[in-house]
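Trainee: Please take one part of this protein and go through it closely. I would like to know how it sits in the rest of the chain.

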Amino acid sequence: MNKKGSLFVFSGPSGVGKGTIMRNFIATDPNSFISVSATTRRPRPGEENGVHYYFMTESEFVQLAESGGMLEYANFSGNYYGTPKKPVYEKLEEGKNVFLEIEVQGAAKIKQLCPEAIFIFVMPPDMHELTRRLVDRNTEDQHTIEVRLSNAKREIEQAKNYDYIIVNHTIEEAVNDLTAIVRSAKCTYDHMKNFINEVLKDA
Ligand code: 5GP
């Protein structure tokens with residue numbers, strides 16, 4: 001069997017429900033790990049350092065990035081976000097599936113670095129629903145919401161670069177779709193080629 005885990009990239013516009021889908025999925029799948037990103041954005045109420053993000057100053061972030069500690073990073077909505085490299089490789093080696101919940105520029109970098117990763121994009125049912133969810137979430141001020149909505153169109157245009165699209169009508173359906181994708185990824189030739197070569201050795 002292929003003992004290494006698979007790398008999944010999970011993107012979608014702000015407010016689409018990526019975080020909720022991920023948390024619900026992970027609760028059912030102990031073999032999966034969500035990478036904790038570093039960011040220079042301020043914590044929202046209820047967010048904890050080391051759990052939701054590693055909250056950093058800009059100079060701490062830049063230092064980590066320049067010392068090669070990030071797998072990818074990007075500037076989104078005026079803040080830096082990046083994936084610390086070490087835990088991702090460690091968890092993949094342990095055989096865990098690793099999920100990066102990242103925006104589209106970071107995803108494009110992962111595609112160059114790791115073309116065998118599985119790319120999943122989460123869509124809102126429509127733009128009205130996305131606006132409603134961002135406003136109801138009540139975690140951003142009006143200006144930030146407007147910036148994020150104008151980013152959303154550009155992000156959705158990048159959905160063409162992803163392997164799978166999940167439409168978040170309900171969390172339950174979206175989690176079911178994600179479960180199906182993760183399961184099918186386990187059966188791809190790419191994932192199974194080491195196993196096939198092992199069997200052929202004895203043939
Ligand atoms: P938020 O501020 O809403 O938590 O995140 C803003 C955007 O940054 C979201 O699309 C989120 O997926 C993305 N993001 C979070 N962590 C990372 C990361 O490590 N790298 C990149 N490129 N984007 C990230």
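Mentor: H128 and D136 are exposed on one side of helix α5, where exposed means over 50% relative accessible area, buried under 20% and partly exposed in between, with a 1.4 Å probe and protein chains only. Helix α5 covers residues 127–137, and its buried residues are E129, L130, R133 and L134. These four lie on the same side of α5 because they cover an arc of only 135 degrees around the axis, the arc being that of the directions from the helix axis to the C-beta atoms. An α-helix has 3.6 residues a turn, so residues three or four places apart point the same way. The buried residues of α5 pack against α6, residues 142–157; contact here means heavy atoms within 4.5 Å.

This is a predicted model, in which local features need pLDDT of at least 70 and side-chain atom pairs count only at pLDDT 80 or more, while totals for chains, interfaces and linings use all residues. Residues are numbered from 1 along each chain as its sequence is written, and side-chain values use heavy atoms, leaving out hydrogens and water.

As for the rest of the chain, the protein has eight helices and nine strands, counted as DSSP runs (helices H or I, at least four residues; strands E, at least two) and numbered from the N terminus. Of its 203 residues, 43% are buried. Among contacts with a separation of 6 or more, 67% join residues 24 or more positions apart. The C-alpha trace spans about 65 × 40 × 30 Å along its principal axes.
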